[in-house]
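Hello,

Here is the structure I promised to pass on. Have a look at it first, and then read my notes below.

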Amino acid sequence: MGTYLDPGNQGFSRIANKEYVDKTGLISFINQKIGSSNNLICISRPRRFGKSYAAKMLCAYYDKSCDSHELFRNYAIAKATDYESHINHYHVISLDISGFISDAKMHKIPFGDIPSIIVRSIQTDICKSYPELEDIDTLNECLLELVRRTGTQIVFIIDEWDSLIREAKDDFDAQDIYLNLLRGWFKNNNFTPEAVAAAYMTGILPIKKDGSQSAISDFREYTMVKPRQFGKYVGFTEEEVRNLCKQHNCSFDSMKRWYDGYEFKDVGAVYNPNSVIQSIENKDFDSYWTETSAAEGLMEYISKPYNGLTKTIAELIGGVDVNVNTTGFANDLVTFRGKDDVLTLMIHLGYLAYDSDTKTVHIPNEEIKLEFQKAIREVNHEATLQRLNESDKLFLDTIHMNEEAVAAQIEKIHREETAPLHYNKEDSLRSVIKLAYYTYRDYYLQWEELPTGDGYADVVYLPRRDSDWPALVIELKWNKSAEGAIHQILDKHYPDQLKDYGSRLLLVGINYDKDAPAGKRKHTCKIVEFTPHNS
């Protein structure tokens with residue numbers, strides 16, 4: 001067994017010896033591709049979504065230098081009809097490109113030299129096991145001769161394939177050299193059909209585009225935008241998380257609020273696996289995102305000076321779903337044409353969740369909301385700072401029951417942030433409320449349509465445990481009255497579920513008279529502190 005050629009099954013063995021959620025069904029999908037024209041696969045997903053686990057699992061299954069039957073016998077793949085046809089039947093070339101980058105940084109080696117280092121490393125490994133191949137000059141010739149002499153094709157498994165594209169984001173020569181190395185393996189009629197049984201590449205970004213086409217065009221890609229049949233292997237499914245919570249006596253509802261939010265067609269909810277496992281191990285719900293260096297810096301991207309981006313970030317933080325066009329993204333960290341490309345990058349980085357039916361994005365869960373809330377406090381945008389100050393003041397005005405100031409600020413946001421076409425749509429007022437109170441994350445948890453009493457409260461802000469701020473129940477009305485909104489809150493007993501929350505409770509009624517003449521459309525507000533005799 002070598003380091004890069006046929007590395008064995010020790011990596012997956014260490015994983016399987018801990019608590020392992022069975023993702024071996026992925027192997028069946030790869031098996032179906034072997035021997036076909038679709039045998040080159042690239043799966044992109046955020047960091048700490050199990051990419052390295054999958055790579056080690058595939059190494060253990062395909063590597064002919066070991067016997068992995070005992071390792072896989074209790075997993076789903078062992079029941080597959082093609083299980084025996086492929087287990088330990090191939091040479092494996094296993095590469096973690098991020099490891100080469102780390103070595104290059106440590107020794108101050110130019111990024112453009114990394115592809116040559118990769119080639120030498122593989123060739124040296126081959127010659128240790130097959131010294132009779134030492135006199136062959138090029139790596140591809142060496143690999144072809146290995147396949148011919150052993151009668152065994154190669155499965156390429158490349159983890160963090162895009163790390164050089166990301167790290168050398170401004171070094172286009174280094175990127176070209178690296179992409180040419182990959183083309184030499186996977187787009188080479190003199191090599192690929194004879195030597196390559198399958199290739200599995202995984203990274204954060206999809207394959208970089210060369211113009212409008214993929215730079216390695218023969219790969220089938222499965223991304224956070226279009227995971228297709230690989231969706232259930234991107235993270236933990238809801239059933240898997242329910243089972244983990246049951247086994248470890250964890251709150252599933254809290255787990256869902258903290259780490260869910262991604263959703264794929266035909267799969268349903270998908271959770272961040274690293275965060276779920278850490279939460280279980282630590283017996284605590286917290287943000288583990290920053291501990292993973294999950295992306296290259298949220299603040300860098302939300303600070304980009306593209307038209308409409310500041311407003312869009314405010315909408316996302318407020319809980320509003322935002323339209324996005326994902327088709328033009330170049331799959332790198334430097335080629336941005338506008339805010340849609342920034343939003344698309346944040347989908348791939350895991351900061352946003354994408355709804356393929358509505359073509360919209362949203363911040364997926366509590367963990368990621370924390371990251372956004374921290375980042376916006378550091379963004380040096382005049383417009384962003386103004387939003388922050390206005391939202392902070394709105395909370396204070398609400399808590400101090402300054403009804404006129406609250407109504408005026410809601411009216412200002414409604415006027416400035418809602419397109420005329422949608423101004424009188426009822427859905428827009430709830431979005432306005434979320435935009436207006438968008439710094440809620442500092443002190444509150446936000447709930448919409450919260451089941452309370454005999455109905456559903458429009459928007460509820462529950463204070464965090466370390467906050468002494470009051471809970472807020474906000475009810476919205478059109479062409480009625482703010483007082484009527486308060487009466488509805490009381491008549492439907494909304495406070496009943498909240499009065500034992502251990503905090504003051506303010507009832508906030510907001511009304512918008514949409515049928516008033518233009519220029520006289522007014523927002524009104526009524527704020528009442530709840531006491532039992534009010535009900």
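In which sense do strands E16 and E17 pair, and over how many bridges? E16 (residues 471-478) and E17 (residues 505-512) run parallel, with eight bridges between them; strands count as paired if DSSP finds at least two bridges. Opposite Leu507 in E17 stands Val473.

A word on the basis: this is a predicted model, where local features need pLDDT of at least 70 and side-chain atom pairs count only at pLDDT 80 or more, while totals for chains, interfaces and linings use all residues. Residues are numbered from 1 along each chain as its sequence is written, and side-chain values use heavy atoms, leaving out hydrogens and water.

Helices (H or I, at least four residues) and strands (E, at least two) are DSSP runs, numbered from the N terminus. In a regular strand, side chains alternate between the two faces of the sheet. Both faces of E16 are covered: Ala471, Val473, Glu475 and Lys477 on one side and Leu472, Ile474, Leu476 and Trp478 on the other are buried (under 20% relative accessible area; exposed is over 50%, partly exposed in between; 1.4 Å probe, protein chains only).

Helix H3 (residues 51-62) is mostly covered too, with nine of its twelve residues buried, among them Lys51, Met57 and Tyr62.

Finally, an open, antiparallel sheet has three strands in the order E8-E10-E9. E8 (236-237) and E9 (262-264) each have a single partner strand, so one side of each lacks a neighbour in the sheet. E9 joins E10 (residues 268-271) through three bridges, and Phe264 stands opposite Gly268 in E10.

Best wishes
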